Amino acid sequence: MKNTIKIWPYIDDLSQTIVPYQSSNLNIDNKIYIDFSNVKSINSSGSAITVFKLLPIINRYKNGTWIIEQPEDIDLKAFLNRIGVYKILSDNIANKDLFSNISHLNDLSSYEQHNNLEIKTTSFPLIVLDYSNFDYRICVEDFIDNLIDILMPFNITFNIKLNVFLKLLKEIAKNSEDHTSTSAIFGLDIIENEITNKAKLLFSFCDFGIGIHNNIKKHLEND
């Protein structure tokens with residue numbers, strides 16, 4: 001049996017938030033596979049959650065030799081490359097298998113997907129907020145500037161309440177920075193119905209802090 005972390009086939013819905021990726025059965029003495037071969041559907045917000053779950057395992061087994069197995073579908077391969085999944089994983093893997101055929105793009109770009117119901121999904125490159133490498137709040141401001149550039153063209157068409165949405169995300173990012181010593185990962189998708197000309201925003205913001213529950217517990221008395 002392969003020494004494998006098998007990725008959930010559907011990385012575009014809420015199921016990704018509850019799928020556990022177990023590491024207790026991994027053997028560091030053998031090659032460790034991250035297996036995307038069964039992936040059938042994907043977007044950026046789901047990909048952010050997937051990467052968020054994989055990075056602590058990669059760090060835990062940083063002395064292992066890692067291999068990424070790609071999906072068979074060429075569009076899914078292109079998606080993982082263009083929005084930065086391969087780049088983030090590669091940047092965090094110290095020991096890559098010499099025969100791995102994975103290469104990643106440094107110039108990331110959005111990716112459009114269409115289905116037969118006239119639904120277009122535009123997925124944007126994952127954003128890594130690396131708080132530890134910036135002065136306080138600089139990373140947050142850069143994050144918001146990036147989102148303004150992404151969303152402004154859509155604001156013309158869909159009249160997004162951009163000031164409200166960006167204020168919400170800025171507060172999330174500030175709170176994340178205040179309770180996280182390392183980094184966060186953000187994924188964003190815009191899903192358009194080309195018949196009704198309506199759209200919705202889908203995003204996920206994942207950080208490596210201890211979480212609200214554990215943070216509150218730190219300030220409670222032992223009893």
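A: Helix axes are lines fitted to C-alpha atoms over the stretch in contact, and the angle between two of them runs from 0 to 180 degrees between N-to-C directions. Helices (H or I, at least four residues) and strands (E, at least two) are DSSP runs, numbered from the N terminus. This is a predicted model, in which local features need pLDDT of at least 70 and side-chain atom pairs count only at pLDDT 80 or more, while totals for chains, interfaces and linings use all residues. Residues are numbered from 1 along each chain as its sequence is written, and side-chain values use heavy atoms, with hydrogens and water left out.

The part to look at is the pair formed by helix α5, residues 138-158, and helix α6, residues 162-179, whose axes lie 10 Å apart and meet at an angle of about 155°. That angle makes α5 roughly antiparallel to α6, on a scale where angles under 35 degrees count as roughly parallel, over 145 as roughly antiparallel, 65 to 115 as roughly perpendicular and the rest as oblique. The crossing in which α5 passes α6 is right-handed, a term used when the near helix is turned clockwise from the far one by less than a right angle, with anticlockwise called left-handed.

On the α5 side, the residues in contact (heavy atoms within 4.5 Å) are Val140, Glu141, Phe143, Ile144, Leu147, Ile148, Leu151, Met152 and Asn155, and on the α6 side they meet Leu162, Phe165, Leu166, Leu169, Lys170, Ala173, Lys174 and Glu177. Sorted by class, the residues of this contact are 12 nonpolar, one polar and four charged, where Ala, Val, Leu, Ile, Met, Phe, Trp, Tyr, Cys and Pro count as nonpolar, Asp, Glu, Lys and Arg as charged, and the others, Gly among them, as polar. An α-helix has 3.6 residues a turn, so residues three or four places apart point the same way.

Most residues other than glycine have a negative phi. Arg137 counts as buried because its relative accessibility is 18%, given that buried means under 20% relative accessible area, exposed over 50% and partly exposed in between (1.4 Å probe, protein chains only). Asn197, which sits in the loop between β9 (184-193) and β10 (198-207), also has a positive phi, near 60°, but at 49% relative accessibility Asn197 counts as partly exposed.

With a disulfide taken as a pair of cysteine sulfur atoms within 2.5 Å, the count comes to zero. Cys139 is in no disulfide, since the nearest cysteine sulfur, that of Cys206, is 15 Å away, which is too far for a bond. Cys139 is buried, with a relative accessible area of 6%, and Cys206 likewise counts as buried at 9%.

Helices α2 and α4 pack at an angle of about 10°, with their axes 10 Å apart, so α2 is roughly parallel to α4. Ser47, Val51, Leu54, Leu55 and Ile58 of α2 and Val85, Ile88, Leu89 and Asn92 of α4 make the contact, which by class has seven nonpolar, two polar and no charged residues. Within α4, residues 85-92, the residues Val85, Tyr86, Ile88, Leu89 and Ser90 are buried, and what covers them includes α2 (44-60), β5 (66-69), α3 (74-82) and β8 (127-129).

Beyond α4, in the loop that runs to β6 (111-114), lies Leu105, partly exposed at 35% relative accessibility. Leaving aside neighbours within four places in sequence, Leu105 is in contact with Asn81, Arg82 and Lys87. Although 23 residues separate Leu105 and Arg82 along the chain, their C-alpha atoms are 6.6 Å apart.

Two buried residues complete the view. Lys120, in strand β7 (residues 119-123), counts as buried at 15% relative accessibility, and beyond residues up to four places away in sequence Lys120 touches Glu112, Gln113, His114, Ile190, Ile191, Glu192 and Glu194.
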